[in-house]
Every structure is written in structure tokens, then in C-alpha cells.
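Subject: Structure handover

Hi,

Here is the structure I promised to pass on to you. Please have a look at it first, and then read my notes below.

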Amino acid sequence: MAIGLWKALLLLAVFARQRAHNYVIGVARLKKALFLFMRRAPEGEFLLKSPIIIVWTDRAWIVALATIGTVIAFLLVLTYVSVKVNAPLSEAVCGKTIIIDPGHGGDDAGACGRSGLLEKEVVLDIGLRLADLFNRAAVYTVLTRSTDNDLVESEGYSNANRKRLDLESRVKLASHHNADLYISIHANSFPEQVWSGAQTFYYSKSDEAKALAVAIQKELVSRLGPNLRKAKACDDYFVLRNSTVPAVLVEVGFLSNPREEALLAQGDYRRQVAEAVFYGTVNYLVDSYKKGRQKEADESRPTSDLPRESMDIQNDASLYSRAKAALNLDVDEVALYFAGPTNFDDDLMPEVRKIPGIEAESNWDLRASRIVQELIKGPSRGSVLCPTLPRGTYLRSLKIIDNIAYVDFSKELMENHWGGSRAEELTVYSIVNTLTDVAGIKAVQILIEGLVSSTIAGHIFLDEPLSPNFDIIEFRQF
Ligand SMILES: [Zn+2]
């Protein structure tokens, strides 16, 4: 705009020269104010170093003032219009506080690609890029980590305890900074290489988190696609269930998929991921701002959706029992839950397996143990389903007390796990759902090497006995 002003003044000067009859004073003032590069021409005219000649006349100053006035008026109108257009954007977005949480860090590398690309490095880079984008939009950001470290300063904790303290510190930052949103960034992994696609998760009890996840997922799909994944509820991830503000967890892609691993290794692709999360968040903030304004005007809008949610759970349970009945299990047959067969079937699906003599087993602990051992073996030969327990895992013990199965696995369940939050959830519920199908077991407490409160891949804590998750199962015949 400054250049435009200069041009306008120069043109005006040329115009004035053509109309001029007599030359006037005011040169010293003009020289001081405007033209540092002026020199005196032999004819008494004042020249710029450029070929345009500047002349001062009687009427020129009136025209100059009029032009300056017009330019200022034009600028004011322009500013008013742009403020008016951007008002919802600036009011909705600027000044917000967002926690950006790049997952893992330090000794906890998270998932690892075949070429050695580490989740902790990929997500840190994307987190830093995202923070930069938000800062440029006048959004205050707090990174849970900006270096390759976790958030635990002192040494001497067991892995699981350290992980817990780390995650607790991350979610506490939200309340400490009075944040508006919490965005956790992870990279996925699965035993099958074919699985791919970024996906956003949210806590099912937060409508705001759901709206944020849907908005981010939309941008991820449109900017990075093709990708059929949708925003998904997950109530098991520690940072989502413990966050005091609307929180989402973005899985930026599968490190176990060679194509996505190669993409995630590129800075340019990471920039695109960060932009997708950024624009998704901005869209959410603007939408929620507009809805807030509308809500103020419309007091009759329902404020709680809890009844709808409990209805959903009931529907899930009854659908589940009907689908289960349709499996028509024979004597000595059980349903084992494994991961779905294709890229976008990241649910659990049943495989009916015959375990000879299982019905006759009167020791319930032994009966359940045999079922877990079948689960550890993985899908049967020729099955299209994928395993959920990592190689080398074995069952240390299983005891049923008051309808709760305490099932203790060897450390390989954690050490050989492929990482990835959704993969961890599938592992947990393949165990829980398979066991709660057994009569007399209503919940399952998973232990690793005898310890409660363990974690398999660092996204879910096994603090308490878990009930079956009906939502994660898809009944389909193959
Ligand atoms: Zn992760």
C-alpha cells in the first residue's frame, strides 16, 4: 500500500507540472518530507533520480491533500470491510489456547516403521509445525514437549509408572494453562502392512471433542486422501478420558505401511498434515463460535445428549447379543475376536473355533485359560482376520474371582507389540470381549508380569477390570 501511495504522489506531481504556469516555493519542506533522492536540475526543476520530474505549483498542494484524503478514506473503507469479513474468524480463533501433545518421547519411541522411522520423531516435527501455524493465527499454544523427552524428570520409575506420570503431566497442562482444546498427535502401526490412512479419535462423552475430531478428519481426508477412515470415539485412551477440555488424538498415518512411512519421512508431507489439523481446528472454532451465537438466540435448544448416549449403549448390547446368537455356536465352539481383514475394517470380528472338551471342563479358570491360549495362537490358518496378540506372548496365569477374570500375560505382550493406539485398543478388547463371552466372567483385569496398571503400547492404562466393548465388534461372515 505504501508503494501505491508513492506512485499516486508521483503521478500527481507530473500532472501538476503539466498544468503549472509558475513555480513556487515550499521546496525545502517538500525535499525534507518526501524526496531524499532529489537533486537540482539545471532548468530549476527538481528531479528524482528516476526520469519523473517533480514540480510544485500553487494549486498542487490542494490536489495533493485531496488525493491523500481519498487514499486514507479508501484504506479506512478497506480495513472496515476486511474486519467485517474476518470478524467471526478473529473472534473465534485469535487468543485461544491450545495444548499440542506430540506423543511419546525419550525412551518411549512409540511405533517404529520398517525403515526405522520413529513415531516420537514424526509427531514432534508435526507438533512443532502445527504450533507455528497456530501462533501465526494469534493462537497461544503449549507444546507438551518440544524436544525428544518425556515429561518425567526423575529416574527410578518402572516403565508403566513412568508412562503414567508422563501422561498425567501432559493432561494437567490443559487445566494449568486454562486451555480451550487439547490435540494429541500420534502415528499408527499394525501387523498388516496394508493398513493406512490418518484418523482422528475423540472421547465419546464430549460433543465438542467429537465436532473437533470430525472437522480435523474432514481436512485430513480432503488434503491427504484417499482415505475412508472417519472420526471415531475411543474412551480408552488415557489423554482423551482424562482431559478436562475437549480433546482429540490424531493418528497421522500408519508407520507400518511402507508408502505412508515414506510420506511421513518427508518434511513437505508433515507440513500438509500439520496444515490439515490446523485448518480442521480453525473450521471447528468458527463453527462452534457461530453455534454459540445461535444458541444465545435460541434458548429452547436441548442442552444434554445423555439419554441418546445411554440408548446407543443399549442398542449396541442388544445388537451384539442378537448377532452373537446368529453365530449359532455348537458344543465346544467359542467365538475368538481378532482384528478385521482389510484396511478400513479396524474393528474386531469373531472367528468361531472348536476347542475339543472345553464344555466338559469343570474348572472355570482352566476353561478360560484354554480360550486365551487359542486367542494367543492367532487366527486359524487360511483366515482373513489379523492377530491381536504379539508373537512370543504367553499366559502366566488366569483366575476368576467374583465374575472378574484376572489374566496375567508375559512381558512380550508389551515388548513385542507393534504400537499404535487403535491397535492397542484392538489388543485389549480382543482379550476382554473373548473372555466376557465365557459364562461367569463379566469383566477382565489384564495384568502384565503380575502388575496391575500396566500399559501395552502407552495409550491405554489397564487400571481396572474392563467390561466388554460392544461398539468395537463387527459381526460379518467370511
Ligand atoms: Zn502413539
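How many of the seven residues of strand E10 (residues 333-339) are buried? Five of them are, so the strand is mostly covered; a residue is buried if 20 or more other C-beta atoms lie within 10 Å of its own, exposed if 12 or fewer, and partly exposed in between, with C-beta atoms placed from the backbone. Helices (H or I, at least four residues) and strands (E, at least two) are DSSP runs, numbered from the N terminus.

Before you go further: this is a predicted model, in which local features need pLDDT of at least 70 and side-chain atom pairs count only at pLDDT 80 or more, while totals for chains, interfaces and linings use all residues. Residues are numbered from 1 along each chain as its sequence is written.

Overall, the protein chain has 13 helices and 14 strands, and 37% of its 478 residues count as buried. Among contacts with a separation of 6 or more, 72% join residues 24 or more positions apart; two residues are in contact if their C-beta atoms, placed from the backbone, lie within 7 Å.

Back to E10: it pairs with strand E11 (residues 348-354) in the antiparallel sense over seven bridges, where pairing requires that DSSP finds at least two bridges between the strands. Ala 339 stands opposite Leu 348 in E11.

Next, a helix pair. Helix H11 (residues 364-377) and helix H13 (residues 421-436) pack at an angle of about 145°, with their axes 10 Å apart; axes are lines fitted to C-alpha atoms, for helices over the stretch in contact, and angles run from 0 to 180 degrees between N-to-C directions. On the H11 side, Ala 368, Ile 371, Val 372 and Leu 375 meet Ser 430, Ile 431, Thr 434 and Leu 435 in H13. The residues of this contact divide into six nonpolar, two polar and no charged (Ala, Val, Leu, Ile, Met, Phe, Trp, Tyr, Cys and Pro count as nonpolar, Asp, Glu, Lys and Arg as charged, and the others, Gly among them, as polar).

Finally, Glu 275 lies in helix H9 (residues 267-297). Glu 275 counts as partly exposed because 16 other C-beta atoms lie within 10 Å. Leaving out residues up to four places away in sequence, Glu 275 touches Leu 133 and Arg 223. The C-alpha atoms of Glu 275 and Arg 129 are separated by 8.3 Å, although these residues are 146 residues apart along the chain.

Best wishes
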